[in-house]
Structures are given as structure tokens and as C-alpha cells.
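This report goes through one structure, topic by topic. Please keep the sequence and the 3D view open while reading.

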Amino acid sequence: MPTDAKGVEPGGRAAGFALAFASSIGLGLAVAVARIAFEGGTDGQSVATVRAWFVVLLVGLWCVASGRGLRVDRRTWLHCVGLGTLLGYMFFGNIGAVKFIPVGVAALLFFVYPPLVAVFTAILDRRWPGLLRLTAFLIAFGGLAVMLGVGFERLNPVGLALGLGAGVAAGIQVTWTSRVMKGRDSLVVMFHMALTAAVVLSVAVPAITGLTPPVTTLGWIGAAGVVLLQGCSIPLYFAAIPRIGAETSAIINNLQPVTSIVAAFLLFGEAMTASQFAGGAMVIGGILLLQLAGRRG
């Protein structure tokens with residue numbers, strides 16, 4: 001698949017933008033729809049397990065249909081096992097948090113991962129991040145403190161741990177992937193990561209908590225919505241990257257928490273407090289500033 005010097009395929013930019021927008025909106029909607037599933041009796045770990053297998057099936061079929069081989073070397077497979085374990089937690093924590101805390105807070109907690117990637121990269125490269133990046137870090141993490149600092153006692157600690165843990169796991173995974181998976185087919189790598197996540201969840205969830213299906217029709221609809229929205233949106237995001245580049249795809253992905261917040265308001269009348277809104281705006285602003293620093297760097 002030919003690409004230009006920036007790793008972007010010539011042509012197809014309009015399709016790339018459409019794929020990135022669809023992915024971001026789908027992932028954002030899934031976080032809000034998860035609340036419908038949980039109110040219908042199921043839980044995050046059960047939905048995450050089914051979704052992981054759905055991603056395996058969808059990405060596997062996509063790879064086969066596009067003529068990609070699914071075999072990887074042993075070293076790549078071992079990395080995929082570690083990355084897939086993190087992915088399994090991300091699958092669970094990102095939506096599982098919604099059972100305990102507001103949708104908007106859960107969505108924004110997950111988005112601590114872009115600043116964390118920059119922090120991890122600076123540490124591993126042993127280099128000063130620069131004034132612009134440092135400012136972006138302070139704004140983003142300051143926003144997190146503002147969002148959680150006021151009324152913190154009203155937010156369930158389990159939900160906070162799940163949401164923030166998923167964001168930290170994503171930061172580690174993205175940093176790890178960028179360092180060891182260069183030159184490898186992202187969809188094939190995604191298949192093996194998703195397969196690992198599915199196996200880990202299928203073993204751990206029944207043993208620890210058991211699988212809990214929805215008990216209402218609306219719960220089944222919500223669970224199916226989460227699986228379809230997230231399962232289909234992840235491959236769309238990977239498909240957008242070679243068309244418009246990882247950086248542009250990441251910028252468009254900032255629509256994800258915005259979509260979750262808007263959907264939560266429209267579906268449930270769930271409004272963020274002034275402090276949560278201000279903190280969330282700081283987090284998104286810090287991410288955008290961080291991406292601007294990346295373009296200049």
C-alpha cells in the first residue's frame with residue numbers, strides 16, 4: 001500500500017476524514033449507550049468480553065478479505081499478548097466506569113491518554129518536552145484536577161479508578177505500540193491484540209464475576225449497541241490512519257468525549273457541573289495544544 005513521506009496514502013483523504021469522523025462519533029456514542037445496557041442488568045466486563053470477540057471476528061474477516069496474512073513472528077506475537085492484555089482492560093474500564101460515574105466524566109477521564117503518551121515518550125527519550133508541550137501537559141492535567149477536585153466526594157471511586165485506569169492503560173499501549181510495531185500491518189496487529197483481549201476476558205470474567213446478560217429488552221438493545229458501535233468504530237479508525245495520517249486522525253478523535261457528553265445530555269438529560277465542564281475543556285484544550293506542538297516539532 002503506497003504512502004507518501006508522512007505515511008499517508010496519496011488520494012482518499014475525503015474517505016479518510018469520513019472514516020475518522022464516523023469512528024470518533026461511534027466510539028463516543030458507545031460510552032453513552034453503555035448506560036442503557038447497565039440499567040438493563042448487564043455489566044461492563046460482560047459487554048467487554050462479547051465486544052472483544054466481535055472485534056476479533058470483524059478485524060479477522062477484514063484482514064482475510066483484503067488479502068492480509070494473519071501470521072506474525074514470535075517476537076511480534078509476544079508484544080501483541082502484552083498489548084492485548086492492556087486492550088482487554090481498556091475494553092472494560094472505558095465503558096465500565098459509566099455504571100458508577102456520569103458519562104461525561106468517564107469519557108474525559110479516558111482522554112488523559114494523549115498527554116500521558118507525550119509524558120511517557122519524553123521520559124523514554126530522555127529529552128526535555130519543550131515549553132509548548134510542557135504547557136499542554138499542565139493545562140490537561142490541571143483540567144483533570146479541576147474536573148475531579150470540586151465535588152470529588154460525590155464521584156464513585158470505583159468509577160474513577162476504572163475510567164482513569166483505562167486512560168493510563170491506553171497511554172501505555174499507544175507508547176508501547178509506537179515503539180515496537182513500526183512497519184507492521186496495523187490491522188493484523190489489531191487482530192492479535194483483540195484475540196488476546198478476548199481470551200483474557202473470557203477466562204477472567206467467568207472466574208471472577210461471572211457473565212451477566214441483560215434482563216430487559218432495552219438492556220439487550222443497549223448492550224448490542226455498545227458492541228456494534230465500538231466493534232465497528234475501532235477498525236474504521238485504523239482504516240483512516242493511512243489515508244489522512246495518525247496525527248490528523250488523533251485530532252478528529254477529540255470529538256469522541258464531546259459526542260459522549262452531548263449524547264448523555266440528549267438521552268438522559270445528564271448535564272455536567274460547571275467545574276466538570278471547565279476541567280473537561282482544559283483537558284481537550286491541552287490535547288489540542290499538545291498536537292499543535294507535535295506539528296511544530
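Is Y89 buried, exposed or partly exposed? Y89 is partly exposed, as its relative accessible area is 30%. The model described here is predicted, and the values below are computed from it.

## Aromatic pairs

The count of aromatic pairs comes to 2. Planes over 60 degrees apart count as edge-to-face. Both Y89 and F92 belong to helix α3, which covers residues 74–96. Y89 and F92 are 3 residues apart there, about one turn of the helix.

F110 and Y113 also pair, with ring centres 5.4 Å apart and planes at 55°, so the pair is tilted. Both F110 and Y113 are buried.

## A charge over a ring

R35 is placed over the face of F268. The distance from R35 to the ring centre is 4.4 Å.

## Helix α11

F268 is also the residue that ends helix α11, which runs over residues 255–268. How far apart are the end C-alpha atoms of α11? They are 19 Å apart, and this agrees with the 20 Å that 14 residues should span at 1.5 Å a residue.

The buried residues of α11 are Q256, P257, T259, S260, A263 and A264. Viewed down the axis of α11, these buried residues fall within an arc of 155°, so they line one face of the helix. Just after α11 comes G269, with a positive phi of about 70°.

## Cysteines

How many disulfides does the count give? The count comes to 0 disulfides. C63 is in no disulfide, and the nearest cysteine sulfur to it, that of C80, is 11 Å away. C63 is buried, with a relative accessible area of 0%.

C232 is likewise in no disulfide. For C232 the nearest cysteine sulfur is that of C63, 15 Å away. C232 counts as partly exposed, at 33% relative accessibility.

## Two buried threonines

T76 is in helix α3. T76 has a relative accessible area of 3% and is buried. Which residue does the side chain of T76 contact? A polar contact of 2.6 Å joins the side chain of T76 to that of R184.

T175 is in helix α7, which covers residues 157–180. T175 is buried as well, with a relative accessible area of 5%. A polar atom of the T175 side chain lies 2.8 Å from the backbone oxygen of G171.

## Helix α8

Helix α8 takes in residues 186–208, which makes 23 residues. From the first C-alpha of α8 to the last the distance is 32 Å, close to the 33 Å expected at 1.5 Å a residue.

What caps the N-terminal end of α8? D185 does: one of its side-chain oxygens lies 2.9 Å from the backbone nitrogen of L187. Just after α8, G210 takes a positive phi of about 85°.

## Helix α2

Helix α2 covers residues 44–65, and L57 is found in this helix. The 22 residues of α2 should span 32 Å at 1.5 Å a residue, and the end C-alpha atoms are 31 Å apart, which agrees. Just after α2, G67 has a positive phi of about 80°.

L57 is exposed, with a relative accessible area of 51%. An exposed residue is one over 50%, so L57 at 51% falls in that class. The C-alpha atoms of L57 and V112 are separated by 29 Å, and the two residues are 55 residues apart along the chain.

## The segment before α1

G12 is in the segment before α1, a helix that covers residues 13–39. G12 counts as partly exposed, at 39% relative accessibility. How far apart in space are G12 and R71? Their C-alpha atoms are 28 Å apart, and the two residues are 59 residues apart in sequence.

Conventions. Residues numbered from 1 in each chain as written. Heavy atoms only, no water. Phe/Tyr/Trp six-rings, centres within 6.5 Å; stacked < 30°, edge-to-face > 60°. Helix = DSSP H or I, 4+ residues; strand = E, 2+ residues; numbered from the N terminus. Buried < 20%, exposed > 50% of the residue type's maximum accessible area, 1.4 Å probe, protein only. Lys NZ or Arg CZ within 6 Å of the ring centre and 35° of its normal. Expected span 1.5 Å × (residues − 1). Arc of directions from axis to C-beta. Disulfide = S-S within 2.5 Å. Polar contact = N/O pair within 3.5 Å; in protein donor to acceptor, adjacent residues only side chain to side chain.
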